[in-house]
Amino acid sequence: MATFIYKAKNGSQGVVEGKIEARTEKEAIEKLGDIGYLPIKIERDGAPSEHSIRVTGRISGKVRFRSITIFSRELASLLKAGVPILTAIDIISQQSEDLKLRELLHIISSAIRDGEAFSSVLARYPDIFSPLYVAMVRAGENSGAFSEALVRIADYRVKQEEMISKFKMASIYPILMAMIGLATVIFMLTFVMPRLMQIFLRIGQELPLPTQILISVSTILRERWQVVVLAILAILLILRGQAKTKAGKFSSSVLKLHLPIFGKFMLKGELARFCRTLELLIQNGVPILKALNIAIPVLDNEVIKNRLLQSYSELEQGSSFGKSLKNSPLFPPFMCNLIAVGEESGKLDEALSEIAASYEKDVDEGVKIMSSLLEPVMILVMGLIVGFIVIAMLLPIFEINL
């Protein structure tokens with residue numbers, strides 16, 4: 001039997017140090033786990049463990065969003081099964097196929113062995129672990145419900161992935177149709193139209209206005225295509241630069257909320273994300289003001305963020321959250337009333353969960369309806385464009401026959 005010196009976290013009571021006898025380091029970790037300790041550093045008495053060397057540095061690349069979600073769920077399952085956190089991280093690292101994740105887990109494992117808290121290590125990588133993730137992990141560490149916090153994080157990330165995936169799938173068909181339609185129009189204007197122009201020139205009669213417009217567009221595309229490409233790139237760069245400014249972000253947010261049909265679903269999507277985030281934080285014991293401070297930056301729309309920041313200020317001054325939301329016509333009465341009732345009954349997290357579930361369902365149904373409507377709309381638009389081109393090409397021939 002060997003003696004191991006350990007440093008472990010005892011729930012919310014802080015860090016404890018001591019010695020324990022075991023045959024191997026793994027057995028020592030398991031013994032500490034059996035008595036309710038979370039080992040953060042362990043080494044053989046008189047000989048530092050190879051793991052006590054602290055690994056620092058940056059990750060050479062980006063860890064995939066999906067990999068972190070899988071890691072969170074697997075870590076929660078292993079901790080629920082009673083596996084110590086260091087052993088659990090090592091197990092996940094060994095079986096992971098994501099090399100960047102394995103590199104990150106090696107750093108995390110070494111830092112924990114050196115006495116650093118799990119949440120503190122995660123906070124070093126804000127590009128990988130958001131403030132929401134870190135806050136929930138820290139709350140789980142302090143409350144003793146670490147595995148439950150990780151399960152909630154994983155469920156939240158899965159729902160976010162599903163929503164993003166639905167929007168991507170709904171937009172694939174319209175984008176594909178637009179690309180095919182644009183390629184068809186360019187082909188007709190640059191290859192078909194020049195050959196017809198030779199016929200029109202031989203006729204020597206005045207061409208109809210649609211045909212003249214088509215010839216002008218065809219000439220610009222063939223002879224000045226560089227100018228067209230540069231103009232498009234310049235416009236895109238200007239719009240991109242404008243979108244990064246505060247005024248540009250706000251203008252874009254206002255425009256999105258006022259789009260016919262789409263604006264309503266964008267609002268519900270943002271509110272669903274906000275309510276789901278706030279619900280998770282409150283469930284993990286994060287105070288409401290701190291939870292709002294973390295949840296508001298998660299949103300993309302500047303208009304909604306600004307209005308929620310006003311509610312945050314009013315809440316600081318003693319007002320209720322639900323009442324402050326009612327002062328703005330931006331938030332639906334359903335959301336305001338349910339939050340107000342949740343505050344009064346002390347079940348704000350349940351009210352937020354119900355709001356998020358309702359709006360997520362509405363957005364899901366809206367995406368399905370819009371995706372089914374976009375198909376015939378895109379076909380109609382492309383048909384009108386191609387039809388105009390064909391008619392403009394045939395009009396001079398019709399006049400000859402007359």
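Start with the largest pocket, which holds about 1400 Å³ of space. A pocket here is an open set of points on a 1 Å grid over the protein atoms alone, where a 1.4 Å probe fits, with protein on both sides within 12 Å along at least five of seven lines; lining residues have an atom within 4 Å of a point. The volume is the space filled by probe spheres set on the points, which are joined across faces, edges and corners. You are looking at a predicted model, in which local features need pLDDT of at least 70 and side-chain atom pairs count only at pLDDT 80 or more, while totals for chains, interfaces and linings use all residues. Residues are numbered from 1 along each chain as its sequence is written, and side-chain values use heavy atoms, leaving out hydrogens and water.

**Stop 1: the pocket lining**

Select Gln-160, Ile-164, Glu-270, Arg-273 and Asp-300: of the 47 lining residues, these lie nearest the centre of the largest pocket. Now colour helices α2, α6 (131-143), α7, α10 (246-257), α11 and α16 (348-401), the elements that give two or more residues to this lining. Helices are DSSP runs (H or I, at least four residues), numbered from the N terminus. Helix α7 provides the largest share, 13 residues. Colour by class and you will find 27 nonpolar, nine polar and eleven charged residues in the lining. Nonpolar covers Ala, Val, Leu, Ile, Met, Phe, Trp, Tyr, Cys and Pro; charged covers Asp, Glu, Lys and Arg; the others, Gly among them, are polar.

**Stop 2: salt bridges**

Keep Glu-270, Arg-273 and Asp-300 on screen, as a network of salt bridges links them. A salt bridge is a side-chain nitrogen of Lys or Arg within 4 Å of a carboxyl oxygen of Asp or Glu. The whole structure has eleven salt bridges.

Next, select Arg-66 and Glu-161, whose closest N and O atoms are 3.3 Å apart in a salt bridge. Arg-66 sits in helix α2 (residues 65-80) and Glu-161 in helix α7 (residues 146-203), so this pair ties together parts 95 residues apart in sequence.

Then pick Asp-155 and Arg-73, a salt bridge with its closest N and O atoms 2.6 Å apart. This pair also links distant parts of the chain, with Asp-155 in helix α7 and Arg-73 in helix α2, 82 residues apart. Are these two residues buried or partly exposed? Asp-155 is partly exposed at 32% relative accessible area, and Arg-73 is partly exposed at 35%. Buried means under 20%, exposed over 50%, and partly exposed in between (1.4 Å probe, protein chains only).

Move to helix α11 (residues 262-283), where Arg-276 and Glu-279 are three residues apart, about one helical turn. Their salt bridge has its closest N and O atoms 3.0 Å apart. Arg-276 is buried at 7%, and Glu-279 is buried at 6%.

**Stop 3: the nonpolar cores**

Select Leu-75, Ile-108, Phe-118, Phe-129, Phe-274 and Met-335, which touch the most other members of the 71-residue largest nonpolar core. Such a core is a set of buried Ala, Val, Leu, Ile, Met, Phe, Trp, Tyr and Cys residues joined through side-chain atoms within 4.5 Å. Helix α11 gives the most to this core, with eight residues. Zoom in on Phe-274: beyond residues up to four places away in sequence, Phe-274 touches Leu-292, Ala-295, Ile-296, Leu-299, Leu-308, Phe-321 and Met-335. Contact means heavy atoms within 4.5 Å.
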